[in-house]
Structure formats: C-alpha cells, structure tokens
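Good morning, and thank you for making time. I would like to take the group through one model, beginning with a term we shall need throughout.

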Amino acid sequence: MRVIVCNDYDEMSKRAAKLVASQITLKPDCVLGLATGSTPIGLYENLAEMNRLGEIDFSGVTTFNLDEYYPISPENDQSYRYFMNEHLFNKVNIDINRTHVPDGQTEDPEAECARYEKMINDCGGIDLQILGIGQNGHIGFNEPDNNLNTVTHLTGLTQSTIDANARFFKSKEDVPTRALTMGIASILKSRKIILLASGRTKYKVVRELLNEGINTSVPATMLKVHPDVVLICDKEAYASMYLGVDIGGTSVKLGVIDGFNNIVYKDSLPTHKDKPAKAIIDNVAKVCSDIIARFPVSAVGVGTPGIIDFEKNTVSATNLPFDNAPIVDWMKETIKLPIYINNDANCAALGEAVAGEGADVRDMFMVTLGTGIGGGIIIDKKIYMGAKGDAGEIGHMCIEANGIPCSCGSRGCWEKYASVSALIEQTEAAAQKEPDSILAKVVEKNCVVDGKTIFEAKIQGCPVAERVFDQYIDYLAIGIRNIINIFRPGIVVIAGGISEAGNMILEPLVKKVNSSVPIRISRLQNDAGIIGAALLGRDK
Ligand code: F6R
C-alpha cells in the first residue's frame with residue numbers, strides 16, 4: 001500500500017482529485033467506484049470544479065456507489081443517492097443513467113445485491129475505487145466480523161458505525177441499522193483503489209491498518225492483498241501529533257504527544273526571564289520549529305503563567321517579563337501552524353483530566369500548590385474558563401474573615417494559609433518560636449527553609465513540626481471541602497512540588513476532608529502541563 005501524507009484535508013482532497021482526473025483523462029469511459037461520508041466531499045468539490053473549468057469530462061463515465069442505507073428512499077436527504085446527486089452528479093456533466101447506487105427501497109434485497117454485483121461485472125469491473133474508512137476499520141459497510149462477506153449483500157451496522165454516522169441525523173435513533181454494501185471481493189476486484197482518511201478520529205484505525213496484519217476485525221487490512229492501493233491521508237489521520245509548550249519561570253518544557261496522549265518526545269530550555277519577552281518567545285518558537293521539522297505536528301498549544309486577555313490574545317505575568325505580550329502572534333512569525341494558548345494551571349488540569357488521574361471521570365478539579373494556589377476546573381473533559389477566561393482563581397477564595405492580607409488586596413485568601421509559601425512561613429515562625437525543637441535544629445542544619453523542611457522534622461518525631469503540619473492540613477482541607485461543596489467533581493487532584501510528599505500529605509488530607517469525592521496526587525506531575533497544552537490544539 002502506497003501512502004501519501006498531506007498537510008491537511010484540502011491538500012488530501014486535491015491530491016485525490018488529481019488521481020481521479022488522470023483516470024478519466026486516460027480512459028474517458030472508465031468505471032468509478034464511489035464512496036459517501038464526510039471524507040470524499042472535498043474530492044467531489046474539486047472534481048466538480050475541474051469539470052466546470054473543462055479540465056475533465058464526465059460524459060462517458062459510469063459510477064457505482066459502494067453502499068446505501070436500507071430501507072431508505074432516494075428522496076430522503078440522508079440517502080446515499082441523495083448525497084451523490086448533491087455533492088457530485090448534479091454538478092458535473094455525467095449521464096445520471098450511468099450512475100448506480102444500490103436500491104435502498106427494494107423489496108428483495110438479495111435479488112438487488114445480485115443485480116448490482118452483475119451490473120458491475122457487465123460493465124467490465126471498476127477501474128478506480130474511492131474508499132473512506134470507518135473508525136472501526138470498515139470499508140463500504142463491511143463491518144468487523146469473523147466472516148467477511150465477499151459480494152454485495154445486506155448487512156447490519158455496528159453500534160460504532162451508528163454512533164459515528166449519528167452526526168448526520170437528527171438523533172441516533174434515526175440512523176438506519178442496515179445497509180446494502182459491496183463486499184470485500186467486489187471492492188478488491190477494482191483495478192485501482194484510493195483510500196481516503198482525514199482527521200484525528202481516523203488516527204487509531206490508520207495506525208491499525210498500517211501496523212497490523214490482514215485480519216477481519218479491521219476489514220480495511222484486506223486491502224493489503226491488493227497490488228494497487230494508495231492511502232491518501234492528512235497529517236492528523238496519519239500521525240495526529242501535537243506540540244505542547246509549558247512556559248515556566250525557570251524553564252520551558254516542550255513535548256510532542258501522539259494520538260494516544262503519549263509523550264513521544266520531550267525537551268526543555270531555560271526561560272531566561274531576565275531577557276525581554278520577545279526574545280524569550282523567539283527562542284521558544286525556534287525550538288518549536290526544530291521539533292515541528294522532525295515530527296508530523298499539526299498544532300501547537302502553549303501554557304503560560306499569568307493572566308491571558310483572550311480578546312487581545314496577550315499575556316501579562318508577574319513572574320515573567322510579560323506585560324500584555326502578544327505571545328501567539330510572535331510565535332506565528334516563525335511557526336506556520338495553528339497555535340492555541342491557555343493558563344498553565346488550566347493546561348495541567350486538562351492533561352491530568354485526559355491522561356492522568358482524571359481519565360475515568362468527566363469533571364475534575366486540580367489544585368496546584370506552589371508559591372500561590374492555582375486551580376483548574378475541568379467540566380466534561382474541557383477547561384471551564386468562566387466569562388472572561390480567568391475562572392479557577394481558587395487561591396483567592398477567603399477562608400478567614402479579616403485574615404492575613406493578600407497581594408490581591410483582600411484578606412484571608414486560601415493561598416496565604418495553604419500554599420507552599422504559606423507552609424514555609426509557618427515552618428519558619430514555629431522554628432523561631434521553639435528554638436529547642438527538632439524543627440529548629442533541622443532549619444539550622446539546612447540553613448534554609450523550604451517545603452520539605454516540615455516533613456524532615458516530622459520524620460524525626462518532632463511534636464512542633466507535627467502541630468504545624470496538622471494546622472497546615474487543616475487549612476488545606478477547608479479549601480478542598482469548599483471546592484467539593486461547590487463543584488462536586490468526580491475527583492480532586494493535588495499537584496505542585498509539595499505533592500511529591502505523596503501519602504504523607506494525602507492520607508491526613510483525605511481524613512480531614514472526609515468526603516466521598518476521591519482526592520489523589522497528580523499522576524503526570526510535570527508532564528500534565530505539556531500534555532494539556534498539546535491538547536489545546538487537538539481538542540479545538
Ligand atoms: C460510505 C462508506 C463508509 C465511509 C466510512 C467513513 O459510502 O462506505 O465506509 O467511507 O464510514 O465515513 P466518513 O468519511 O464520514 O468518516
């Protein structure tokens with residue numbers, strides 16, 4: 001099987017149209033086998049245009065369509081006869097009597113199938129067959145089965161095909177459950193075959209087709225016995241890779257994910273936050289370009305700290321020199337692919353929701369404990385943005401009236417009590433107040449207090465550390481209980497450096513929160529941000 005990978009759907013459609021046009025030019029009275037579905041629409045548009053421009057002549061061409069729903073009338077706008085008239089036959093100079101679609105109204109499907117098969121043979125067989133591919137590997141309506149029918153036959157549609165085709169109908173219940181379709185041998189008898197595949201929903205099946213041996217569970221693999229098949233697909237169907245960029249204060253992490261959300265390549269570079277914003281972004285864009293040259297990436301997603309103005313597409317961040325920085329526009333100067341942007345905490349939440357701890361639930365809340373507290377709300381596997389794109393500022397939820405003042409102008413914000421910075425302040429204060437404690441000794445020995453200090457003293461059995469930690473977990477639990485009360489997510493995921501403490505933090509927290517909503521530590525850790533950023537491009 002020859003494979004042609006195109007940049008996008010338009011290119012795929014043009015390539016296929018050129019091949020069909022050559023066939024018609026070489027043999028003006030050729031027999032074409034045609035498919036319906038969304039994939040060949042662009043091909044038919046191109047053929048209609050070429051016909052309009054006088055580049056190809058359909059007057060001698062005969063066509064046979066692969067299949068038709070059963071039962072269905074040709075006037076029904078969901079019938080394949082209607083589809084073909086709309087998308088091709090009414091737009092070109094073809095003799096409509098030479099166009100054939102199985103009769104979806106026949107009272108004797110068996111006789112109709114035999115008649116159809118004979119007509120193809122009587123015309124001398126199909127010169128060039130166009131095929132689409134179902135997500136389950138079907139070609140025509142030859143669904144995965146232990147036994148594949150060779151000739152034209154009446155068949156039942158699998159649930160996966162009914163689900164996939166429901167998009168064309170008012171409701172799933174309206175999708176016919178049966179169809180008349182050419183068989184595998186009818187298809188394989190064609191002299192040449194063009195198989196089209198477009199978009200990420202076809203990635204999995206294209207992989208199966210290319211990697212697996214011939215088997216009836218993926219009927220398209222039967223095409224491997226044919227000597228002249230060309231698969232024309234776009235990048236998304238062939239590789240479906242996306243580049244995720246996670247901009248941080250010290251480093252920028254980059255990763256390419258495949259259609260199964262696996263990171264297939266990872267890289268990182270120092271942010272150089274002392275440089276101007278444009279220089280930082282130009283550097284990132286250059287590394288992105290190098291990666292794009294090596295992987296079939298179809299979109300780029302960027303996670304950035306700070307506030308994003310989604311109307312102006314600019315970013316302002318306090319820990320980076322971004323002041324209304326048009327990051328996406330700057331990157332577009334170098335990268336000629338779609339680029340999407342979102343807040344880094346949102347990206348991490350999306351990554352975790354799709355490929356990490358949240359994979360089995362629809363709604364998830366991610367709490368990132370760091371210098372502040374970041375929140376990512378995932379509803380139905382999508383980032384909840386709020387009206388202005390800045391939802392989830394959970395660190396500024398008030399947990400103590402008239403409490404500690406916060407840089408946001410309010411008092412008693414959660415992050416003043418439960419962020420890692422807050423824990424460090426609490427640790428320092430306790431060590432100063434109790435100079436004879438084990439905690440104070442640990443602080444003295446390490447010369448520095450960080451998020452790990454409290455755990456070190458706790459392990460050594462320090463009662464002061466125990467008290468500080470207990471109080472910290474209380475603060476953390478208050479916020480998480482509030483989140484659960486408001487959102488009732490399927491899961492709450494804790495992320496950020498402190499989550500490395502694992503069960504030392506999780507067990508007491510779960511006990512204090514005392515809820516049926518599961519609380520887990522991020523499984524993907526730093527990779528969540530990369531995967532989530534990459535998914536911004538994929539899930540558009
Ligand atoms: C249509 C047909 C089907 C489609 C396949 C892909 O005549 O025989 O096998 O080619 O279901 O459909 P789309 O292109 O809509 O993804």
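A residue is called buried under 20% relative accessible area, exposed over 50%, and partly exposed in between, with a 1.4 Å probe and protein chains only. Lysine 172, for instance, is partly exposed because its relative accessible area is 42%.

Two remarks on the basis of what follows. This is a predicted model, in which local features need pLDDT of at least 70 and side-chain atom pairs count only at pLDDT 80 or more, while totals for chains, interfaces and linings use all residues. Residues are numbered from 1 along each chain as its sequence is written, and side-chain values use heavy atoms, with hydrogens and water left out.

Let me start with the overall form. Taken along the principal axes, the C-alpha atoms of the chain fill a box of roughly 100 × 50 × 40 Å. The secondary structure comes to 18 helices and 22 strands; these are DSSP runs numbered from the N terminus, helices being H or I with at least four residues and strands E with at least two. Of the 540 residues in the chain, 54% are buried. Contact will mean heavy atoms within 4.5 Å. Among contacts between residues at least 6 apart in sequence, 69% join residues at least 24 apart.

The chain is divided into domain 1 (2-238), domain 2 (241-350) and domain 3 (360-523), with bounds that come from an automatic or database domain assignment.

I turn to the interior. In soluble globular proteins, nonpolar side chains tend to be buried together. A nonpolar core here is a set of buried Ala, Val, Leu, Ile, Met, Phe, Trp, Tyr and Cys residues joined through side-chain atoms within 4.5 Å. The largest such core has 46 residues, and within it Trp414 and Ile480 touch the most other members. Helix α16 (residues 463-487) contributes the largest share of this core, 12 residues. Beyond its neighbours within four places in sequence, isoleucine 480 is in contact with Trp414, Val492, Ile494, Leu509, Val513 and Ile519. A second, separate core of 37 residues includes Val245, Ile247, Ala277 and Leu320.

Asn346, Ala349 and Leu350 supply 51% of the area that domain 2 buries against domain 3, more than any other three residues. Across this interface the rule finds zero salt bridges, a salt bridge being a side-chain nitrogen of Lys or Arg within 4 Å of a carboxyl oxygen of Asp or Glu.

Asparagine 346 has its place in helix α11. The residue counts as buried because its relative accessibility is 2%. Leaving aside neighbours within four places in sequence, asparagine 346 is in contact with Gly375, Gly376, Ile377, Ile383 and Met385.

In one of them, the side chains of lysine 189 and glutamate 117 meet at 3.7 Å, N to O. This pair links distant parts of the chain, 72 residues apart: lysine 189 is in the loop between α6 (184-188) and β9 (192-197), and glutamate 117 is in helix α4. Lysine 189 is partly exposed at 48% relative accessibility, whereas glutamate 117 is buried at 10%.

Lysine 172, with which I began, forms a salt bridge with aspartate 163 (3.3 Å, N to O). Aspartate 163 is partly exposed too, at 34%. Arginine 362 and aspartate 380 form another salt bridge, at 2.9 Å, N to O. Arginine 362 lies in the loop between α11 and β18 (364-369) and aspartate 380 in the loop between β19 (373-379) and β20 (382-383), so the pair ties together parts that are 18 residues apart in sequence. Arginine 362 is exposed at 55%, and aspartate 380 is partly exposed at 43%. Finally, Lys27, Asp127 and Arg191 are linked in a network of salt bridges.

Methods:
Buried area = accessible area lost by both parts, 1.4 Å probe.
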